[in-house]
Amino acid sequence: MPRHKLIASESDGKDNEFSLYYVEVEENSQGGQEKQTTRDGKRRRERNGEVSRRRASEKRTTEVDTKRAEKKHEKRHKTARKEGEKHEKRQRRKNADEEEAEEESNKEKKNIKNERTKTLRRDDEKEKDVKKKRKKHVKNEEDNANSGKTKQKDCHDMPLKEKKKKRKKPETTSESESKSESDSAPESKDNQAVGVLGSLTPEELEKLKEAVDERKKLIATMRGKPWPMKKKLVVLRSSCVLQRQETLLIISFLYYSNCQKWMKFQRDFENFKTACIPWEMKIKEIESHFGSSVASYFIFLRWMYGINMILFGLTFGLVMVPEALMGKPYGSIPRKTVPREEEASAMNFAILWDFGGYAKYSVLFYGYYNSQRAIGWLKFRLPLSYFLVGVGTVAYSYMVVIRTMARNANEEGGGDDTSFNFSWKTFTSWDYLIGNPETADNKFASITTSFKEAIVEEQESRKDDNIHLTRFLRVLANFLVLCCLAGSGYLIYFVVRRSQKFALLGLENYGWWERNEVNMVMSLLGMFCPMLFDVISTLENYHPRVALQWQLGRIFALFLGNLYTFIIALMDAIQLKRAEEEIVKKNMTIWQANLYNGTVPDNSTAPPITVHPADIPRGPCWETMVGQEFVRLIISDTMTTYITLLIGDFLRAVLVRFLNNCWCWDLEYGFPSYSEFDVSGNVLGLIFNQGMIWMGAFYAPCLPALNLLRLHVSMYLQCWAVMCCNVPQERVFKASGSNNFYMAMLLVILFLSTLPAIYTIVSIPPSFDCGPFSGKTRMFDVIQETLESDFPAWFGKMFSYASNPGLVLPFLLLLVLAIYYLQSTSKTYKRVNMELKKKLQTQNEENKKKNKLAALKAANELEQARKAGEQRSSSSQHTQNSEPPVSSTHTTTRPPASRGHTSSGHLPGHPQQPQKNSHSNRR
Amino acid sequence: MVSPAIALAFLPLLLTMIIRYRYYFVLLYRAVLIRWVRDCLTGLSREERAFQYILTHATPGDAQSILDTFDHWCSKVEFISHIGPKKGKILDRLLQEHCPITVLELGTHCGYSTVRIARSLPIGARIYSVEMDERNAQVAEKIIRLAGFDEDMVELIVRPSDEVIPRLREDFGVERLDLVFMDHWKRCYLPDLQLLEGSGLLGEGSIILADNVIFPGAPNFLRHARRSGLYEVRVHRATLEYIRGIRDGMAELTFLGIK
């Protein structure tokens with residue numbers, strides 16, 4: 001209430017008001033006795049009267065005390081309510097200006113006006129409100145409410161009110177907190193109007209502004225009145241002229257309101273910025289309902305989307321588009337034409353869906369590209385560009401992942417300052433500027449979730465179990481998981497071996513089960529093992545965040561088997577294709593010889609025979625095969641994900657929801673229930689998917705585009721699915737939005753997936769008749785070729801010097817040394833940071849203690865001084881004996897900080913000021 | 001022919017299921033298998049066996065002793081679905097808070113909950129306990145008498161609950177029920193609740209306590225209670241009696257009165 005009070009004392013800027021004020025102050029302080037003698041008779045008379053009355057009412061003081069507490073409480077509510085009513089009132093004013101004018105003219109007759117306002121209120125407010133209003137009216141009189149309305153009233157009915165106040169004031173403020181504030185209020189107000197303003201709440205400012213407006217309006221209406229000047233003057237004088245400090249206030253208020261406007265603009269701008277971040281709102285909504293762990297997946301997905309966007313931009317802009325625009329058109333050479341035997345079915349949907357037919361012979365795959373060194377009028381070096389883009393995407397990915405990891409490492413500074421975490425959450429969570437109900441709902445959910453998360457953290461920090469049992473269980477769980485992993489690894493190995501045997505014997509002899517055995521086993525293991533790990537991990541009793549990391553690691557290990565089988569199968573296929581290629585190469589020469597032998601006469605002056613490119617025999621082109629495999633894998637993976645989402649989540653949710661009406665047990669609480677969002681599975685799916693992209697992007701430039709599409713769709717689909725058919729986890733836990741663990745796994749996968757890609761590029765010669773590197777012995781020969789033909793000779797020489805092992809090895813050594821140095825320095829910084837943090841914390845605590853001690857000491861001193869003063873006063877002044885002893889107890893509760901106000905100077909113009917100052921100084 | 005490798009791939013699923021639903025297997029074993037074997041061996045019903053055990057192990061006239069013996073028998077020897085000690089504490093607390101004068105208990109079974117309620121009732125209070133099964137009612141009566149509660153305190157009614165509720169007023173002169181405790185067939189929760197509403201025996205502040213609303217589950221009952229607007233619903237989360245891992249709950253409905 002202090003602020004409220006401050007304004008209140010401001011409104012009674014009149015002399016008599018001030019005198020009244022002093023009366024009340026003196027009464028409560030024994031130290032002020034001597035000063036009283038210097039005061040004028042009128043005030044003394046008042047005081048004496050007061051005292052005598054007080055004696056009579058001494059008995060009542062105790063019950064008044066309790067009443068006052070209630071009143072104060074009520075007041076607080078009232079002011080809030082008043083706010084709303086004031087607004088309404090203002091509205092009404094604008095609407096009915098005529099009535100307003102009439103009202104103003106009748107201002108002096110308070111009763112009539114009251115009646116009128118009451119009837120007005122009755123018009124559009126409920127009965128209840130009216131009652132409150134009436135109460136408030138009374139209240140206004142006693143606590144000098146700060147609104148302009150009441151101010152006017154106060155001024156009008158001054159003589160009448162004064163009496164009332166004299167009766168009421170001592171009671172309302174005798175030893176309550178508000179007194180001490182009103183004590184220091186006037187001078188602080190006078191001197192530091194602006195400073196005070198800074199501490200004003202917007203509502204109060206609103207009121208002030210309103211008051212000023214009202215006065216202006218009053219003057220305006222008065223001008224139009226056909227009254228004699230004298231009457232006008234009387235009315236004007238009675239209705240408080242603008243005073244100096246008020247003008248000050250208004251100026252600073254204008255400044256403040258501008259500030260507010262600026263703040264609002266800033267806020268809107270922030271909102272706009274948020275709206276510009278893709279899916280930010282969706283992710284925030286999910287975070288507020290499902291906690292940060294689920295949100296971290298979506299943030300990761302978005303990050304992934306960004307990376308893929310750039311990969312797509314590189315491949316699309318530097319490889320696909322130049323080839324499509326400037327390269328030889330479709331059908332010009334064999335590698336760009338569908339072979340004759342496939343032509344019939346090349347447009348079938350099933351073939352296209354499998355990325356055969358026309359899709360295979362297009363820019364989407366490696367085989368379509370020509371080995372021409374430079375294409376088009378731009379002399380675009382397509383083979384070089386192809387190679388560099390392939391290397392560049394991987395290099396860029398490494399760079400981005402490592403950079404992000406490094407940036408995230410900063411955020412994970414150890415030791416968070418979570419003292420009073422719950423208090424902070426309780427008192428500062430709500431955003432009072434929220435204006436729409438949906439946002440409010442979200443905010444509510446997010447606060448609830450954050451509380452849940454904080455509670456989980458707190459529980460974790462307080463957990464002290466049987467450490468030996470926990471350790472044993474953890475070891476056991478890991479043992480079980482290892483067994484499971486080993487078992488599934490062996491199963492995969494066994495199945496792959498068997499399938500190789502089948503392949504050697506010819507797949508046609510075996511049934512569907514045998515042919516699809518590897519896939520079946522892989523997907524079954526991939527589906528069920530995570531469930532088993534999940535169940536086993538309940539043994540370990542980890543914090544859910546740590547448990548998630550373990551779970552991720554385990555499933556990662558399991559999926560590595562998946563990767564292994566895939567790569568093995570691919571390598572086998574490549575070997576087969578290469579063997580086939582050798583045969584084709586041989587046949588090719590025979591075919592060519594036949595072609596010439598059969599048709600061309602000996603004198604070969606005739607034009608060379610033109611064979612349609614579709615008829616020319618060609619090699620199997622293993623690169624395109626690899627690319628196709630990857631694309632198929634991505635497509636099937638995406639489909640599986642979406643279908644599991646639809647069936648596993650959506651259908652289940654629908655069934656649970658609607659079958660629950662006619663089922664014998666509770667489906668929602670009981671067995672099937674709604675599904676939880678599977679963070680670990682989804683994250684790993686995303687990571688492995690990305691690994692596939694990295695592996696295959698060199699042989700199928702369309703992969704980043706496909707992946708972009710997939711990520712885009714899954715963003716929307718999964719956002720929808722989460723909000724619509726999942727329930728939050730039982731233990732919502734906090735996870736940082738930029739999770740380094742995900743990044744670390746991504747890095748591992750990146751490394752693992754670049755290995756086979758680099759191996760194939762470096763060690764396997766490209767196909768002889770397809771792709772940008774056809775005719776070369778190795779794919780990276782394109783670099784050498786460029787160096788030789790496109791750059792000046794000295795550059796090539798320099799390059800060869802630079803690639804001399806004598807130079808490269810020291811350079812590598814230097815790099816290692818630099819890394820070591822940087823790492824050790826960063827470690828040192830981290831340690832220093834931790835120590836600083838600790839130091840800060842201890843200092844904080846010490847300061848707190850010191851402050852407490854100082855406060856205690858000051859209170860004690862005050863108590864003693866008060867006692868001494870009391871004794872002195874009781875011995876010297878007998879008239880003041882009846883002073884309620886309660887006032888002494890008040891001082892102890894009073895914060896010592898209020899002394900600070902007294903030291904400040906005072907404004908001239910109020911004769912009573914110095915006295916009061918000294919008076920309060922002594923207190 | 002499905003290859004053994006594919007069959008082996010289902011092993012993790014099997015293990016997961018076994019580990020995740022182990023408590024349900026335990027429940028199945030204790031509540032069904034053991035019961036069936038004992039029934040065949042002794043020729044007595046489960047309730048009669050429980051009574052024999054109590055007769056030999058508990059102190060007559062001491063309600064607490066009888067309840068403890070019951071708990072021991074149910075957790076160590078065989079399984080009977082009672083309210084159990086943990087949820088019983090919730091019941092005790094409710095009884096202490098509200099001091100009901102007239103209590104209706106639907107589903108006496110062996111009289112465990114009847115004894116539990118009766119021991120914390122004020123003097124002059126009365127329990128109407130409804131049990132459909134004749135044999136169970138006999139056992140329950142013996143146990144109630146053994147605990148030292150007479151007919152003034154506990155009125156055992158051997159009839160189906162849906163017949164009893166509409167006739168409570170005429171036959172037993174009940175004007176208002178302060179507490180209704182439901183622990184009979186989960187399917188009867190909703191119809192009986194509706195009967196109670198129709199009979200006008202519920203007054204403002206009457207409490208209806210329904211056990212096992214989550215595990216065997218009474219979703220329709222809960223939904224009605226939440227949607228009708230007649231009640232203030234609280235669900236006390238707990239576990240199933242005598243088996244730790246199965247989640248269960250008791251619904252506490254406070255009748256708000258018909259407006």
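Buried area is the accessible area that two parts lose on being put together, summed over both. In this predicted model, chain A and chain B bury about 2,300 Å² between them, and 66% of that area is on carbon and sulfur atoms.

The contact draws on 27 residues from chain A and 29 residues from chain B. On the side of chain A, the residues that lose the most area to chain B are F528(A), V535(A) and Y669(A), which together account for 26% of what that side buries. The elements of chain A that give two or more residues to this side are α23 (467–505), α24 (512–515) and α25 (517–537). Of the residues that touch chain B, α25(A) supplies the largest share, 11 residues. Sorted by type, the side of chain A that touches chain B has 18 nonpolar, two polar and seven charged residues.

Over all chains, the count comes to 39 salt bridges. Side chains of opposite charge can pair when their charged atoms come close.

R49(B) forms a salt bridge with D39(B), and their closest N and O atoms are 2.8 Å apart. R49(B) is in helix α4 (residues 46–57) and D39(B) is in helix α3 (residues 22–42), 10 residues apart. R49(B) counts as buried because its relative accessible area, 8%, is under 20%. D39(B), at 27% relative accessibility, is partly exposed.

R49(B) also forms a salt bridge with E78(B), with the closest N and O atoms 2.7 Å apart. E78(B) lies in the loop between α5 (63–77) and α6 (84–98) of chain B while R49(B) lies in helix α4, so this pair ties together parts that are 29 residues apart in sequence. E78(B) is buried, with a relative accessible area of 1%.

Helix α4 of chain B also holds E48(B). E48(B) forms a salt bridge with R135(B), and the closest N and O atoms are 3.2 Å apart. R135(B) lies in helix α8 (residues 134–146), so the pair ties together parts that are 87 residues apart in sequence. E48(B) is partly exposed at 22% relative accessible area, and R135(B) is partly exposed at 44%.

Note on methods: Residues numbered from 1 in each chain as written. Chains lettered and ligands numbered in written order. Predicted model: local features only at pLDDT ≥ 70, side-chain atom pairs only at ≥ 80, totals over all residues. Heavy atoms only, no water. Contact = heavy atoms within 4.5 Å. Buried area = accessible area lost by both parts, 1.4 Å probe. Helix = DSSP H or I, 4+ residues; strand = E, 2+ residues; numbered from the N terminus. Nonpolar A, V, L, I, M, F, W, Y, C, P; charged D, E, K, R; others polar. Salt bridge = Lys/Arg side-chain N within 4 Å of Asp/Glu carboxyl O. Buried < 20%, exposed > 50% of the residue type's maximum accessible area, 1.4 Å probe, protein only.
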